[in-house]
Amino acid sequence: MKKLMVGMALTATLATAVTPGFGSIGGNQEKAYAAATVTYKVTASKLNVRSGAGTTYGIIGSVVKGQTLSVMSKSGSWYKINYNGRTGYVSSDYVQASGTATAPTTPPAESTTYTVTASTLNVRSGAGTNYASIGSVTKGQKLSVVSKSGSWYKINYNGRIGYVSSDYVQASGTTTAPTTPPAESTTYIVTASTLNVRSGAGTSYAAIGSVTKGQKLSVVSKSGSWYKINYNGRTGYVSSDYVQASATASPKLVVDSFKTLGNAQQVILVTADNYDTKSAKIQTFEKVDGKWKQVLTANGVLGQKGFALSKKEGDMESPTGKYTIGTAFGRYANPGTKLPYRKITANDVWVDDSKSSLYNTWQQKPANGRWTSAENMDIPAYDYGFVINYNESRTPGKGSAIFFHVGTNYTAGCTATSKEQVVSILKWLNPEKNPVIIQSPVSELDKY
């Protein structure tokens, strides 16, 4: 069961007294972020930033090796970070934390009201005066506080995430125990015959429904002895005394069962439902400290007629099998790949004439009798890509010019995906990790 790692948005509900006499607040009058004694640096060559704490969430960008991250909190094996003014998540397996730890970041009490006490208070893009101001709030205004980090409140501000100095915000109300998110790999099962689901964390709140013994719950967080859950599209609460929480094993990746990878530490896996479909699923995996991690998932396309049982020149089918990765190429400058890179010119062609001694090689025009047919390389599909090392023996008629390139419809025998994903994969590939590409119908993955 997928667990939701949701930060709690807390909206003010009670009126509070306002402290008079504050002028406009900004610049050096705001205190710096108190938890800055820990430094978080990226250790991977390239690390995806995702919209949520898990590989099932979409990629919103990436960070690179050595880059310092603005970490807000940790959920399981994921760091929640400030990424270009947005909230993002990165795997903690590829981030090194060093320095002195400070008090953990905890969400504020759910029953607390937060009111601005200054005449005008800057809202910043991060927890510190070194971050840009994205707007302001005024005296008496109630804030929707998400969490507190040191001397800064993280707030919802006009649909964006912002930060305000806690020195100019008055918090009042009943403080409850800190809410901690549950582990992402935990299963929650009801143990009572019937368990009331309530509108708040306590028996004084009304029952909005019930769950029964053995039912699995979608738990959002825990407050004291109550679990906050998703209940039929609503937020509900159940007593933790009648819920059994048990850790579940991390899901096994498809590459974990492969036995033919040898010393490969990076794998591009291209799969299709059957031989006859042109639609493909593209996944990338990397081995770190002896353990496979999934990096990317994307949609792709194959040859117009799908996968080939036995590839032949001009059959419009993509070859199945496991292949090493050759030269990267493109019509523009190197986008940042570590692979050998060759920029395409107007004269570049790939020879597909089976009778030529140059069959299945990259050459330049004019032909001068060296071949009778060749594929033009200077086309949009080859804006970026890499050579799949297929038919390296150059057996006549077995197929030529097998690439991984840009495309979203179908190919003549290559594998393709969006330009954004091609560039992302090119930047990720590292020849020192002996990358391979495996292409196969799902039903035949046991061959590898």
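Trainee: Which residues are linked in a network of salt bridges?
Mentor: Arg 331, Asp 378, Asp 383 and Lys 419. Keep in mind that this is a predicted model.

Trainee: How many salt bridges does the structure hold?
Mentor: Seven.

Trainee: What about Asp 315 and Lys 311, what do their side chains do?
Mentor: They meet in a salt bridge, 2.7 Å from N to O. Asp 315 counts as buried because its relative accessibility is 16%, under the 20% limit. Lys 311 counts as buried at 9%.

Trainee: Which residue does Asp 348 form a salt bridge with?
Mentor: Arg 342, with 3.6 Å between the closest N and O atoms. Asp 348 is buried at 1% relative accessibility, whereas Arg 342 is partly exposed at 32%.

Trainee: Where does the charged end of Arg 342 sit?
Mentor: Over the ring of Trp 362, 4.0 Å from the ring centre. Trp 362 also belongs to an aromatic cluster with Phe 329, Trp 350, Tyr 382 and Phe 403.

Trainee: Phe 403, then. Which residue stands opposite it?
Mentor: Val 387 stands opposite Phe 403, which is in strand 36. Strand 35 and strand 36 (residues 403-406) run antiparallel and are joined by three bridges.

Trainee: Strand 36 and strand 37: parallel or antiparallel?
Mentor: Parallel, over three bridges, with strand 37 covering residues 415-417. His 405 has Ala 416 in strand 37 as its bridge partner.

Trainee: New topic. How many aromatic pairs are there in the whole structure?
Mentor: A search finds 13. One of them is Tyr 114 with Tyr 153, an edge-to-face pair with 5.1 Å centre to centre and 70° between the planes.

Trainee: Where do those two tyrosines lie?
Mentor: Tyr 114 is in strand 10 (residues 111-116) and Tyr 153 is in strand 14 (residues 152-157), so the pair ties together parts that are 39 residues apart in sequence.

Trainee: Are they buried or exposed?
Mentor: Tyr 114 and Tyr 153 are both buried.

Trainee: Now helix 1. How many of its residues are buried?
Mentor: Seven of the ten, so helix 1 (residues 419-428) is mostly covered. The buried residues include Gln 421, Ser 424 and Trp 428.

Trainee: Last one. Where is Lys 293 found?
Mentor: In strand 27, residues 291-301. Lys 293 is buried, with a relative accessible area of 17%.

Trainee: What is Lys 293 in contact with, leaving aside its neighbours within four places in sequence?
Mentor: Asp 93, Tyr 94, Leu 253, Thr 284, Phe 285 and Glu 286.

Terms used. Residues numbered from 1 in each chain as written. Predicted model: local features only at pLDDT ≥ 70, side-chain atom pairs only at ≥ 80, totals over all residues. Heavy atoms only, no water. Salt bridge = Lys/Arg side-chain N within 4 Å of Asp/Glu carboxyl O. Buried < 20%, exposed > 50% of the residue type's maximum accessible area, 1.4 Å probe, protein only. Pairing = 2+ DSSP bridges. Helix = DSSP H or I, 4+ residues; strand = E, 2+ residues; numbered from the N terminus. Contact = heavy atoms within 4.5 Å. Phe/Tyr/Trp six-rings, centres within 6.5 Å; stacked < 30°, edge-to-face > 60°. Lys NZ or Arg CZ within 6 Å of the ring centre and 35° of its normal.
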